[in-house]
Amino acid sequence: MTTRYSPALLFDSGTFKSGLSLCVGPDGKIEIATAVERSSSAVIELKNKAVLPGFVNVHSHAFQRLIRGKSESRVTSGKDFWSWRGTMYHAAASLSPQDVYDVARMAFLEMVKAGTTTVGEFHYLHTAPDGTPYEDPNLLGRQVIDAARSVGIRIVLLRSAYLRSGFELSPDPGQTRFFETASDFCRNAEALIGTYSHDPHGVRFGIAPHSVRAVPLDALHPIVAWARSKDLPVHMHVAEQLAENAACVREYGRTPLALLHDEKLLGPDFTAVHAIHITDEEIARLAEAQGTICSCPTTERNLGDGILAAESAMRAGIRIALGSDSQAQIDPLEDARQLDYHLRLMQQQRAILDQIEGQSLSARLFACATVNGARSLGLDSGSFTQDSSADFITVDLNDLSIAGHSGEDLLQILMFGLNRSAIKDVFVSGKQILRDGKHALEEEIVARYQEVHRSVWKDTPGFGVKR
């Protein structure tokens, strides 16, 4: 039977309207129902709530939730991205398969409570801490998938290829768990995808060559070709750091984005993660290829990466999606508004991204958090259209953070003022996984995460964890 959700306000065509309902079929898809069909539906009243599409987190490293707050000192983690990696490597090396599951559940739970219904998990933990493959080389990937299933969030596992430490560099011991050969990567990825080929839970996949520094060109070509033969999205870290660009120039005589363009590796299925240090010419090349940029503003400012040229990218027609990346903070609306806030600080003006091609700032940023992310991951969610996945959330219209709204200005108030406390209900494929701000497994998930956290940091000087 179709279920009809009747809220006070429903997101429709860029604004919120009263008197509308959201109809969800038994297959978890949205139905645009006629009046007759609506009359035969089961009705759920959502009083004093607004309904809107769930957020799409395109770029996540779930295990890095474990290092939140642990890298905010130069004493323990140095002064830049490259030294920060030492703290991240410590966490990565410390996790058992069960720990990977428990930490991922914690990250995914926090995403759900922030209104996220889909996560693109850029997964590069593959082996045991000493580099020995598990009997099942996809054990850790399956642990992450199981964690998402437990929480109820939709997952696209972006299995990452990580073949070397960098151009003319010896293998970094901190990356031991990441390494595979190119042939092993494709074989293991195909096996993992095959495991879920008839999966009723809707697990999806993509392929993620980590970066030009981690995947040399002679391996990148066959990996991308293999992904495209399977019609899988391709995601890749691109131009996050100036040192990354310089190393690529030394090896190939071109920057990463220029290399990918020249080698015909860009395309509508390609998402460049970060893409901070790119030129106007490179923006034009990515736009011509109809690629996407996934910006991760919280992580990018946390690591001192730099600021995405979002205005130039949007004016060129490039879609921008969003990711929580290192989990320093999980708040998709904060990431969305920072796209504009960062530019305001640079240009000393306001509302920089407003009225590009006539689209309002709030509508543009909301698209970054929803439909653009869904397209990057090859999904049909992010909007309320016929047969799209019924992934949606509710917000409490009486929450202090959005008091004083009207249907006409609610989107703007949400984008620039919503507190996560206002997010009350989360549905994925029509199944409710958060009810009035509570998740059924929340206490267990938090307790198990705390045990892992204490175990990882208890004997590490400078991190302040005591038993």
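The legends below describe a predicted model, in which local features need pLDDT of at least 70, side-chain atom pairs count only at pLDDT 80 or more, and totals for chains, interfaces and linings use all residues. Residues are numbered from 1 along each chain as its sequence is written, and side-chain values use heavy atoms, with hydrogens and water left out.

View 1. To the contact (heavy atoms within 4.5 Å), domain 1 contributes 17 residues and domain 2 contributes 23 residues.

**View 2. The salt bridge between Glu110 and Arg420.** A salt bridge is a side-chain nitrogen of Lys or Arg within 4 Å of a carboxyl oxygen of Asp or Glu. The closest N and O atoms of Glu110 and Arg420 are 3.5 Å apart. Between domain 1 and domain 2 the count is 1 salt bridge.

**View 3. Elements of domain 1 that touch domain 2.** Helices (H or I, at least four residues) and strands (E, at least two) are DSSP runs, numbered from the N terminus. Two or more residues on this side come from each of strand E5 (42-53), strand E14 (392-396), helix H16 (410-417) and strand E15 (423-428). Helix H16 gives the most, with 6 residues.

**View 4. The surroundings of Asp391.** Asp391 lies in the loop between helix H15 (371-376) and strand E14. At 2% relative accessibility, Asp391 counts as buried; buried means under 20% relative accessible area (1.4 Å probe, protein chains only). Leaving aside residues up to four places away in sequence, Asp391 touches Pro53, Gly54, Thr117, Thr118, Arg154, Ser381, Phe384, Phe427, Val428 and Ser429.

**View 5. The enclosed helix H14.** In helix H14 (residues 361-369), 9 of the 9 residues are buried, so this helix is largely enclosed by the rest of the structure. The buried residues of H14 include Arg364, Phe366 and Cys368.

Key: Buried means under 20% relative accessible area, exposed over 50%, partly exposed in between (1.4 Å probe, protein chains only).
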